[in-house]
Amino acid sequence: MIKLGILGSTKGSDLQAILDSISSDELNAKISVVLSNRKNAYILERAKNNNVPAIFISHIGKTREVFDREITAVLKKHEVDLVLLVGFMRILSAEFCREWREKVLNVHPSLLPKYAGGMDTNIHEEVLNNCETETGCTIHFVTDEVDSGPVLIQKKCNIDSNDTVETLKTKVQKLEGEAFIEAINLIQHRDAEITENTTN
C-alpha cells in the first residue's frame with residue numbers, strides 16, 4: 001500500500017476521485033494527510049468528511065524554505081511515500097524538490113508544454129481563445145523549474161464549438177482524477193520493481 005500526502009489550496013475535486021477509487025478498491029493506497037496553506041480551503045473539509053487528517057499551515061510571513069520545511073516535517077510524521085499537488089497555489093522551493101525528488105506529482109490543466117505557467121480558468125480561456133481543437137491534463141514530476149518536470153501521463157479531450165471555460169474545466173477535471181489514479185498505480189509498480197530488483 002502506498003501512503004499519499006496531498007497539498008492543496010482549493011476545493012480538491014481530484015482528491016474526491018482518489019478517495020472514491022480507494023474506497024472501491026481500485027487503488028491500493030491510503031491518504032495519510034491533507035495539508036493546505038489556506039485555512040478555509042474546501043479540500044480540508046473534504047478530508048475531514050472522509051476521516052483523513054487535515055492540517056492548515058500558514059505561509060504568511062515565512063520564507064518559502066521555512067514553510068516547505070514545515071510541510072516536509074508533517075509529511076514525514078505521517079510516513080508519506082508520494083506527494084500529490086491538487087490545486088496547490090504555491091511554488092515549491094528547490095530544497096523541497098530535492099528532498100522529495102521523483103516523489104511529488106502535480107496535475108496541470110493543459111497538455112504541457114502548452115500553457116506552462118498558467119493557472120486554472122485562465123488556461124481554459126486561452127485554449128478557447130486560441131481555437132484549439134483538443135485540450136486535457138498532464139501529470140508530471142515536480143522539479144524546481146515550474147511546470148517542466150518529466151511528464152508521466154497526459155489525457156486528452158476534444159473541444160466542442162459550444163464549450164465554455166466552465167464546461168471545459170469540468171471536462172478536464174474529470175480527466176485529472178482519472179490521470180492521478182493511473183499515475184499512482186504507475187508509481188506503485190515502479191517502486192515495487194525497484195524493491196524487487198534490490199532484494200534479488
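Isoleucine 159 lies in the loop between E7 and H6, where helices (H or I, at least four residues) and strands (E, at least two) are DSSP runs numbered from the N terminus. With a relative accessible area of 15%, isoleucine 159 is buried; buried means under 20% relative accessible area, exposed over 50%, and partly exposed in between, with a 1.4 Å probe and protein chains only. Leaving aside neighbours within four places in sequence, isoleucine 159 is in contact with Val127, Leu128, Glu132, Thr133, Glu134, Thr135, Leu168 and Lys171, contact being defined as heavy atoms within 4.5 Å.

The model is a predicted one, in which local features need pLDDT of at least 70 and side-chain atom pairs count only at pLDDT 80 or more, while totals for chains, interfaces and linings use all residues. Residues are numbered from 1 along each chain as its sequence is written, and side-chain values use heavy atoms, with hydrogens and water left out.

Leucine 111, found in the loop between E5 and H5, also counts as buried, at 13% relative accessibility. Beyond four places in sequence, leucine 111 is in contact with Glu134, Thr135, Gly136, Cys137, Thr138, Gln154, Lys155 and Lys156. Its C-alpha atom is 9.8 Å from that of isoleucine 153, a residue 42 positions away in sequence. The loop between strand E5 (104-108) and helix H5 (120-129) also holds proline 113, and the peptide bond from leucine 112 to proline 113 is cis, with omega near 10 degrees.

Glutamate 79, in the loop between helix H3 (64-77) and strand E4 (82-85), has a positive phi near 55 degrees. Aspartate 147 has a positive phi near 60 degrees and belongs to the loop between strand E6 (134-141) and strand E7 (151-158). The relative accessible area of aspartate 147 is 15%, so this residue is buried.

Within strand E6 itself sits isoleucine 139, which counts as buried because its relative accessibility is 0%. Apart from residues up to four places away in sequence, isoleucine 139 touches Leu105, Asn106, Val107, Val151, Leu152, Ile153, Glu176, Ala179, Phe180 and Ala183. Alanine 183 is 44 residues from isoleucine 139 along the chain, yet their C-alpha atoms are separated by 7.3 Å.

Turning to the interior, in soluble globular proteins nonpolar side chains tend to be buried together. A nonpolar core is here a set of buried Ala, Val, Leu, Ile, Met, Phe, Trp, Tyr and Cys residues joined through side-chain atoms within 4.5 Å. The largest such core has 34 residues, and those with the most contacts inside it are Leu4, Ile18, Ile31, Val34, Leu84 and Leu105. Helix H6 (residues 165-199) gives the most to this core, with 8 residues. Apart from this core lies another, of 18 residues, among them Leu7, Val33, Leu92 and Phe96. Isoleucine 18 touches Leu4, Leu27, Ile31, Leu84, Phe180 and Ile184, not counting residues up to four places away in sequence.

Widening the view to the whole protein chain, there are 6 helices and 7 strands, arranged along the sequence in the pattern β-α-β-α-β-α-β-α-β-α-β-β-α. Of the 200 residues, 46% count as buried, and residues 24 or more positions apart account for 65% of the contacts with a separation of 6 or more. The radius of gyration of the chain is 17 Å, which agrees with the value near 16 Å that a compact globule of 200 residues would have; this radius is taken over C-alpha atoms, and the globule rule is 2.2 Å times the number of residues to the power 0.38. Along its principal axes the C-alpha trace spans about 50 × 45 × 35 Å.
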